[in-house]
Amino acid sequence: MSEKTSPGVRAKRPTPLLLKPLQVSDWPGLFQTLTKLGHDLAKMEFDAAFPGATKALSYVEFKNRPQELAWTLIFRSMTRAVGRILAWCRKKIPVQLARLGIGVDVSRLDAELDNIDVSIDQEFFDRPGASPYVRQVCWRLRGWLIAAGVSDTLADNIIGRVPRDFSVLLSDEWLKNQDQLKDLLPEHRKTPFTPAVEEEFEWAKCAAWLQEQADRRVFDEEFGVLAVYIPLRTYADRDDASKVTRTIGMVEEMLDQWLEAGRADDDVRVVEGDPGAGKSTLARIYAADRFGRTFGTRRWRVLYSPLHHPAFQTERPLAEAVKAYYEDVNVRLQKPLDREATDPTLLILDGLDELSRGGHVGLDVIRTFMAEVVGLKNAWNEGRKDARLLVLLCGRPIAADVAKRVVRRSEAVLYLLPFVIDKKALTQTVDGKTADLSGRTTLLDTDQREEWWDKYATARGRTPSPEAYQDIKKNPVLEPITAQPLLNYLVAYVRENSEGTKLPENLCSIYAVLLRRVYDRGWERTQVPAVDKLEFSEFCSLLEEMAVAAWHAGNTRSIRVSAVQERLTPKQRGRLLELEKKVEDGVLRLLLGFFLRPRGQDRGDELYEFTHKSFAEYLIARRLAGELDRLAQDWQDSGSRRRWNDEHALVEWAKLFGPTRLDDDIVRFVEEEGKRSGEHKVPGWREMLARLLETVVRDGMPMHVMITKIKPEPTFREMDRWALNAEVAMLRGLGVCFSILGVRTRIVGLDSRLEEWVRGRWFHPMTDQSYSFLDLQGADFQGRDLRWANLSGAKLGGANLAKANLAKANLFVASLERANLVGGHLVRANFKQANLSGADLEQANLERANLVGANLSNANLSNANLSNVNLQRANLERANLVGANLSNANLGGANLGGANLTGTNLTGTNLTWANLIGVRGITPEQLLETTGDPAEMMDGHPPENNWRQKLASPRKRVPRKRKTPKLPASNTPTPEPPETAAPG
């Protein structure tokens, strides 16, 4: 990293020092040493075998001999690195370990290595794992292992670990032997490993740590993620007023271009992706690979921080939070975010959607955090051309949306693409625009699942077979859950040894199968004694409580063990005590062997982290669905036993749903659980939730009873937060029921207090949610003030909304057929795709309202104000528009077939591609005031060329000449003239 000098010493780039093999006649080479070490490892532990194999070669005997010191340093580090990997393999391949070197000319391998010159220069210290020496060792090591009978797959996995382990142990050797090695590089030679500059050493340690993070093991597999990593595709949008240009490319290449430019006015990138899309893997790999590399003539310091980690405390300033995180992973950088450093910094922050602050999660926390990020990067970059700090943020769509509003540069957001792409869907934007594809569009033609399955099969030793991809491809139902890297892996894991069984069709089902398989087979894999007293339901319950404890603590990914213990029942705690007697490492490691991993400590308490956020969300959803089942059963039983108690049920509900608000990802899992449970359970959910919500609307949440339940002693604000979270959970639960059953719910008493709840208390938490589950048919809202109310998807058929104020209200896809909206104030209201067929909107004010795609067939819009309204693709068949004001309205693609436009003001109205077949009451003068060419005119034919000009200048009628009558034939009697009346 940056070169720092000691006082009075001039920094100077070190002269390369050629490393030549030590000329000691009785000293064996690397492969001879490793052969002996492998044989010794079959009999003893590594710490005992290593000194014997290396003859305890020390640095002391080579004092003041820099070439020999350097050789010894690298020799010992490489021997330790490969030796520790072999020690890891001792239980896996004891037979092969004993055969190492048999039938192989190891002296030839060592002689070949002796002829390699290794330059100990700045580049070597920056990236020792990528040096030519390491590559040559790996190439020969693979053949040496295979000759001993090691499989190709395991040999590849072993050599894949060598560069990383060598870098780590090289640092370790230097740190342990600073006094002996200090003469290797004089003080004026500043490198990351110079002991006098501890910060530089920590940066080198940081580089090695990033390499470890980049190749983390995939669940319980023996290979790292790099063995199955597929470079991801992405796109970025440039949104102009008239069109959207969607640029396709590889995400790492597009990030490199940004890093190469390094501009202060373009200093943020946001990577957005769905769950399992590979955001975190990308962040780790990109951080490790770009660390210390030169882009745009500048070398970059790279910092990576997962925001869900408990050591990353968002209550602290960002710089302090990053430092605390690195200290927690034993990389003790004095000032990670150093504005005065020689080199610029790339800060990678992963997991925007997993931020928590003081136990709270949500968009407000993300907004606050983003404001801090913007403040930091502005302080570093303001007034500069070249950026001192670039920030890369990764998160799911909802969290990324918040970041996008801060970035305010559409092309700064990179959207990760799945393994299999629907090109037609890719051309459509969220707001209905059509995107023009540009860039490397040929990338879209590849189904990346094929490459992934091939890599996975190779890593597993061709198990499952390469034909697995073809089997998956034939089943279109599996496409949504094999489109993402993580989900693809889960399908592969379930499929292993189960080719003859039907695969689950959604992620919820896959996790359910995994739970059962881990329970049935997990004990043999982890070599733990069988647990005959732990039933499967208890196993699931323990994991569910761990996930819920993490969720309540505001961090879905990690949890303190003590917080889990507090949630367990006495019976569950008893089970744990019994199991701890059998398991040396504690029962929690037994339960977490596949799905969770140890994560260090927090305030002296052991921490565990879920391997993926989606699994924690699935466990939470299982627990929530179980609570719905229990309460629904109590409600159904109460019909005969009278055991139901509203207050008790609401308290139980608040205990589970109060601490943290439900998010969309958990709700999706709850919905999948409901579908798996079958329709016989969900109707009970719906009835019970309707009952609870009716009680809340009437009496409110019984938070006075919760005072003793919330710890520490709650404030009024905290109790109100719990109550609101619980109420929103009921609403979301009813939404799930409607999605499964298609039946809307009537909440008794809500009609008369709609303003207080929908427009008031529930307004902000339900801003982005649909009320499609609400049945408000025939409700009387006459003259009511419902401004800004979110009634999206609600059923309001036949409701009385006469003279109601619905200005800026959200009625997206709402059902308003035959509703009375006479004289309603509907300015800027959102009726997009709403059903207003047969509705009475006489004299209603709809100025600037959004009616895109709305159904207004047979609606009465006489004398209504529709100026500047967007009616694109709306259905206005047989609508009454007599005397209505449609000035400057957009009727592009609208269907006006049979509508009555008598006296309608059409000044500036856009009729592009509109259907005017059978329109009544329209005059040429009205048509002349419009713009755009309709698709069909009143007569059912397309408009003629220059049709407006022809209407404006009609042909003058030319009087026809009277024809001279033919003379009668000679035999025809001449008619007598008519009698003329006598004058006077």
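**Exercise 1. Work out what span helix α28 (residues 664-677) should have, and compare it with the distance between its end C-alpha atoms.**

Helices here are DSSP runs of H or I with at least four residues, numbered from the N terminus. The expected span is 1.5 Å times one less than the number of residues, so the 14 residues of α28 should span 20 Å. The end C-alpha atoms are 20 Å apart, which agrees. This is a predicted model, in which local features need pLDDT of at least 70 and side-chain atom pairs count only at pLDDT 80 or more, while totals for chains, interfaces and linings use all residues. Residues are numbered from 1 along each chain as its sequence is written, and side-chain values use heavy atoms, with hydrogens and water left out.

**Exercise 2. Decide how far α28 is enclosed, and find which residue caps its N-terminal end.**

Buried means under 20% relative accessible area (1.4 Å probe, protein chains only). Of the 14 residues, 10 are buried, so α28 is largely enclosed by the rest of the structure; among them are Ile 666, Val 667 and Phe 669. The cap is Asp 663, a side-chain oxygen of which lies 3.2 Å from the backbone nitrogen of Asp 665.

**Exercise 3. Locate Leu 507 and list its contacts beyond four places in sequence.**

Leu 507 belongs to helix α21 (residues 507-525) and is buried, with a relative accessible area of 10%. Leaving aside neighbours within four places in sequence, Leu 507 is in contact (heavy atoms within 4.5 Å) with Ile 481, Leu 487, Leu 490, Ser 614, Phe 669 and Glu 672.

Note on methods: Helices (H or I, at least four residues) and strands (E, at least two) are DSSP runs, numbered from the N terminus. Buried means under 20% relative accessible area, exposed over 50%, partly exposed in between (1.4 Å probe, protein chains only). A polar contact is a pair of N or O atoms within 3.5 Å; within protein, one must be able to donate a hydrogen and the other to accept it, and residues adjacent in sequence count only if both atoms are side-chain atoms.
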